[in-house]
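I opened the notebook to look up a few local features of this chain. My entries follow the order in which I looked.

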Amino acid sequence: HAKHHYPETLEALAACGVGCVAMRCAGYDRVDLSMAESLGIVVLRVPAYSPHSVAEHAVALMMALNRQIVKASARVAQGNYALSG
């Protein structure tokens, strides 16, 4: 079981009518499953990651770094659509 459970988070989700929490991880170690169940919240997880999608994401990050996507996005947000630097 996890060292850090945050019961107030589950309580707040239940109070808002949330019935399902989908975790973007392979484990449940950060969720108090018995509390979630008592609040009527189903907790789902990703049982395994695709090695292909991990590799694709790594390549996409390298391409974004090479093309300076973050810098370009900031320029566009400032209304700068210049093609140079």
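Predicted model: local features only at pLDDT ≥ 70, side-chain atom pairs only at ≥ 80, totals over all residues.

Residues are numbered from 1 along each chain as its sequence is written, and side-chain values use heavy atoms, with hydrogens and water left out.

**Cysteines.** I searched the whole structure for disulfides and found zero, a disulfide being a pair of cysteine sulfur atoms within 2.5 Å. For Cys16 the closest cysteine sulfur, in Cys20, is 15 Å away, which is too far for a bond. Cys25 is in no disulfide either, the nearest cysteine sulfur being that of Cys20 at 13 Å. I then looked up accessibility (buried under 20% relative accessible area, exposed over 50%, partly exposed in between, with a 1.4 Å probe and protein chains only). Cys16 counts as exposed at 69%, and Cys25 is partly exposed at 25%.

**Backbone angle.** I found a positive phi of about 55° at Gln68, although this residue is not a glycine. Gln68 sits in the loop between helix 3 and helix 4 (69–77), helices being DSSP runs of H or I with at least four residues, numbered from the N terminus. With a relative accessible area of 43%, Gln68 is partly exposed.

**Helix 3.** I looked up Met63 and found it in helix 3, residues 51–66. Because its relative accessibility is 54%, Met63 counts as exposed.

Key. Helix = DSSP H or I, 4+ residues; strand = E, 2+ residues; numbered from the N terminus.
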